[in-house]
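Biologist: I have not looked at this one before. Can you walk me through it?
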Amino acid sequence: MGGLIKSSIARKVAMALSGLFLVFFLLQHFTINFTSIFSADVFNELSHFMGTNPFVQFLLQPILIFGVVFHFVMGFILEIKNNKARAVKYARFKGGANSSWVSRNMIWSGVVVLAFLGLHFYDFWVPEMVHKYIEFAPEDPTRYYTELLHRFESPIRTGLYALSFVFLALHLWHGFASSFQSVGFNNKYSVAATKFAKAFAIVIPLGFIVVAIVLHLTH
């Protein structure tokens, strides 16, 4: 029994650490995207740097992809383990009285976010890899802004993009805050950390939605 408990704790810690790692990249991604509504030149410059810097392309990018896969695989494993360990279903225990809807449905919000990431990779990462390493097209440092605008021409695609970030906000609302507890962050700063996580869960996804809608409406 002790070994099972330790392995469960280890999985939760690994899940939390990978989530915190991905939150950092989410913030970086948002920062670059947000510049697009103020300056095409700044967005192009930042995107060109990220798209051509060897450190980013050949070290950080593979780590990021591994982090995404690891986080979601670990999430599914934890969900399966939890379901097997649950002798009495939530309905009989009235789980809703002790936990929020978001915390009880993390797996489903995670599935929606994962589906969005698949679309995002198909829309952005795959064409970028084809452009660079299959077509060997000459690099145009001003192409990034035009390509971004093209992604938000369709109202349907823009709407799906915005909806996916609503689910990301739900996922972050519980996941980001609980990650601090999972890694043992339990001190006088815990309340402040939780408030920051909740604010992050609202502000950053909302920021992505604003960018998408502004680019769709103004171009």
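Modeller: What follows is a short talk through some surface, ring and loop details of this predicted model.

Biologist: Start with the surface. Which residues form the nonpolar patch there?

Modeller: The patch is formed by Trp173, Ile202, Val203, Leu206 and Val210. Together they have about 430 Å² of accessible area.

Biologist: Which helix gives the largest share of that patch?

Modeller: Helix α9, residues 190-218, with four residues. Ile202 is located in helix α9.

Biologist: Is Ile202 buried, exposed or partly exposed?

Modeller: Its relative accessibility is 46%, so Ile202 counts as partly exposed. The exposed class needs over 50%.

Biologist: Now the rings. How many aromatic pairs are there?

Modeller: The count is 17. Take Phe24 and Phe25: their ring centres are 5.5 Å apart and their planes stand at 80°, so this pair is edge-to-face.

Biologist: And what about Phe24 and Phe25, buried or exposed?

Modeller: Phe24 is exposed, at 55% relative accessible area, whereas Phe25 is buried, at 11%.

Biologist: Which residues form the aromatic cluster?

Modeller: One cluster is made up of Phe30, Phe34, Phe38, Phe116, Phe152, Tyr161, Phe165 and Phe208.

Biologist: Which ring does the charged end of Arg143 sit over?

Modeller: That of Tyr144, with the charged end 4.3 Å from the ring centre. Arg151 has its charged end over the ring of Phe124, 5.1 Å from the centre.

Biologist: Back to Tyr144 for a moment. Which residues does Ser47 touch?

Modeller: Leaving out residues up to four places away in sequence, Ser47 touches Ile32 and Tyr144. Ser47 belongs to helix α2, residues 40-52.

Biologist: Is Ser47 buried or exposed?

Modeller: Buried: the relative accessible area of Ser47 is 12%, and the buried class is under 20%.

Biologist: Where does Phe136 lie?

Modeller: In the loop between α6 (106-134) and α7 (143-151).

Biologist: Is its side of the story buried or exposed?

Modeller: Phe136 is exposed, with 62% relative accessible area.

Note on methods:
Residues numbered from 1 in each chain as written. Predicted model: local features only at pLDDT ≥ 70, side-chain atom pairs only at ≥ 80, totals over all residues. Heavy atoms only, no water. Patch = residues over 30% accessible without salt bridge, like charges linked within 9 Å, V, L, I, M, F, W, Y side chains within 5 Å. Areas by Shrake-Rupley, 256 points an atom, 1.4 Å probe, with all protein chains shown as cover. Salt bridge = Lys/Arg side-chain N within 4 Å of Asp/Glu carboxyl O. Helix = DSSP H or I, 4+ residues; strand = E, 2+ residues; numbered from the N terminus. Buried < 20%, exposed > 50% of the residue type's maximum accessible area, 1.4 Å probe, protein only. Phe/Tyr/Trp six-rings, centres within 6.5 Å; stacked < 30°, edge-to-face > 60°. Lys NZ or Arg CZ within 6 Å of the ring centre and 35° of its normal. Contact = heavy atoms within 4.5 Å.
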